[in-house]
Every structure is written in C-alpha cells, then in structure tokens.
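These notebook entries record what I looked up about charged side chains and their surroundings.

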Amino acid sequence: MNTEHTIIIGAGPCGLAAGIELQRVGITPLIIEKRNVVHSISQYPTYMNFFSTADRLEIGGIPFTSINEKPSRLEALNYYRTVAQRHKLRIQPYTSITKITKVDHHFILDAVDQYNEPSQYRADNVIISTGYFDHPNLLGIEGEDLPKVSHFFREAHPYAGLQVAIIGGSNSSIDAALELERVGAHVTVIYRGAELSNSVKAWVRPIFEAKLNTGSIRLLLQSQVQSISNHHININTAEGMIALENDFVLALTGFHPDQPFLTTAGITIEDEGHPTFNEETMESNVPGIYLAGVVVSRKQDANEIFIESGRFHGHKIAAHIKS
C-alpha cells in the first residue's frame, strides 16, 4: 500500500493548482487522475475558445500567453501540461479512486487502473477535485439512450448535411449551432426558456440572431423534447406537440459533480445542493477531506464555479493543512 501525506483526486486545473500550493508549503502531494491531465479540457469542442482571458486561467505563477483575445482549447492543453511539468507535480494518470474510507486519523483509498487492476493508497489528507464532465444532466426521456443522442459536442464535420437538434440555450448550445450551420447541417435549437440564457456571450448573440433571421438556424423557445426515436423527435412547444425529422440529437444540458462519491466518503450535502465545507479552509465536514473546484457547486448549477475562482481553493487548503 502506498502511503502519502496528501492525495489529490483529479488533475484538472484546480487540482494542479492545489498541488502547486502544497509544494510551496513543503508538502509533496500525489495527484491521482482517472484519465489524462486536464481531461475535461481535452473533451471540450475541438475549436472552442474560452470565455475567460488567459490571465484569469493562470496557475502556479506561470504566465499564460495566447495569440487570441480568448485562449483556445489547444492552447489551454499545452499550458496546463507545461505547468505540471515545470512544477514537477507527481501525477498518477489512468487510475480511478472508487472509495474513500476513514480509519483512525488517516484515509484508505481504493483504486483501479485502466486494466481494472486494484490497488490501495493511504493518506493523512485527501483533496477531492474531481470536476463534473463525466456526469451530464440527463433528460430522463424515452430514446435518450439511442446511439444518435450525445451529451457532448466535439466538432461539426460528422453532422454535415444532416438534421441535428440541439437541446439547451446556453453558450455551448449556441456555439455548437453556429459551427454546425457552417458545415451545412440543418440545425434546430430547442430550449425550455422564454428567451436564450443571459450567459450567452455578447459577441456571439448577434451572430446567432442573424442566422435566426435568415432561417439558417431554427429556434424553438418554451419547448421541451418529450421522446426521441430513430428518425424523429417529439417536441412539446408553446403551440402544441410536433414531430420533427431528425438524424442526431445533441443534448447539451450541462453537467453536475459526482455527489454520490462524496456522500459515500461521509460528506454531507446541504439543502442548497452543495457539499458541506468551510469556505475559509475548503475542509469538508469530514476532517482531513478537502474540496477544490467545481465539486463544491450545486448539483444542477456546476457553472457557478470556474477555473477563474476554483484555482484559488488550493491556497486556502495548503494554508490550513500546513497550520
């Protein structure tokens, strides 16, 4: 069994930032990541640009430079990989922590690698920084499990010339709609709200509205998909039920943290939907278990915590562990 002072679960930007802060106070943590470094960012749409400017994504005191006003996905992957290498962070990739058990004054972490071979780790402190990208908000409707349905959008090329429905009205949905329209897909955006989300980027909204005005993209507001079949989707609109011809559905309805993983470790969930933690120290209700990044957000509102804010959680944690 490997014994560590502190183990960080998750090698996203917030997990990396926590690791660097611990090193600064003389603690060398082990970061365990179930896939690759900053896996969530690697899953972003291929040609995506961040909403934040590069300086607001910096960690570890290393400048993040970009040729664009807003950095791209590829630039972010290069940046965070470089930060991890320069700070010589100890990272164990492709290892999943399946259970955390408190024994006396330390923790036993059960793990499996990519070959499903088990192992165990022992740690005095655990920092959970697991993100949310593996847990999409499901619609809970008939046909959601069909191969034509995806909760992720990578790039538009595979959908050229096809009938594509996008469920959602946030930035990810609007960006996907515009990319799809550019390659000749026939796009319908379906959103339950009376108007698009206020979070839609100001420089993107007029472009999207121009596409609506020309009929290049169709928008159905106050509408919800009721069921999905191989060739159609049934939508409950403000004017009644309609059946829409369809080849693919992109259900871009957001993601949420893995709260069952937290509760099995003894962490309680508040009525507001977020785990119990001290905002000054980021320590949970289980002494020795800390939370960093999006994992502290509400179940259905993961976007309230960004890299911009979550990158500072590690400083609070390191100061408390050191004290």
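How many salt bridges does a search of the whole structure find? I recorded six salt bridges for the whole structure; a salt bridge is a side-chain nitrogen of Lys or Arg within 4 Å of a carboxyl oxygen of Asp or Glu.

I noted that this is a predicted model, in which local features need pLDDT of at least 70 and side-chain atom pairs count only at pLDDT 80 or more, while totals for chains, interfaces and linings use all residues. Residues are numbered from 1 along each chain as its sequence is written, and side-chain values use heavy atoms, with hydrogens and water left out.

Entry on R122 and D124. I found these two residues joined by a salt bridge, with 3.7 Å between the closest N and O atoms. I looked up their accessibility, where buried means under 20% relative accessible area, exposed over 50%, and partly exposed in between (1.4 Å probe, protein chains only). D124 is partly exposed at 31%, and R122 is partly exposed at 25%.

Entry on K201 and D175. The closest N and O atoms of this salt bridge are 2.8 Å apart. The pair links distant parts of the chain, 26 residues apart: K201 is in the loop between β9 (186–190) and α5 (205–214), and D175 is in helix α4 (residues 171–182). Helices (H or I, at least four residues) and strands (E, at least two) are DSSP runs, numbered from the N terminus. K201 is buried at 8%, whereas D175 is partly exposed at 21%.

Entry on K211 and E181. I recorded a salt bridge between their side chains at 3.3 Å, N to O. K211 belongs to helix α5 and E181 to helix α4, so the pair ties together parts 30 residues apart in sequence. K211 is partly exposed at 24%, and E181 is buried at 18%.
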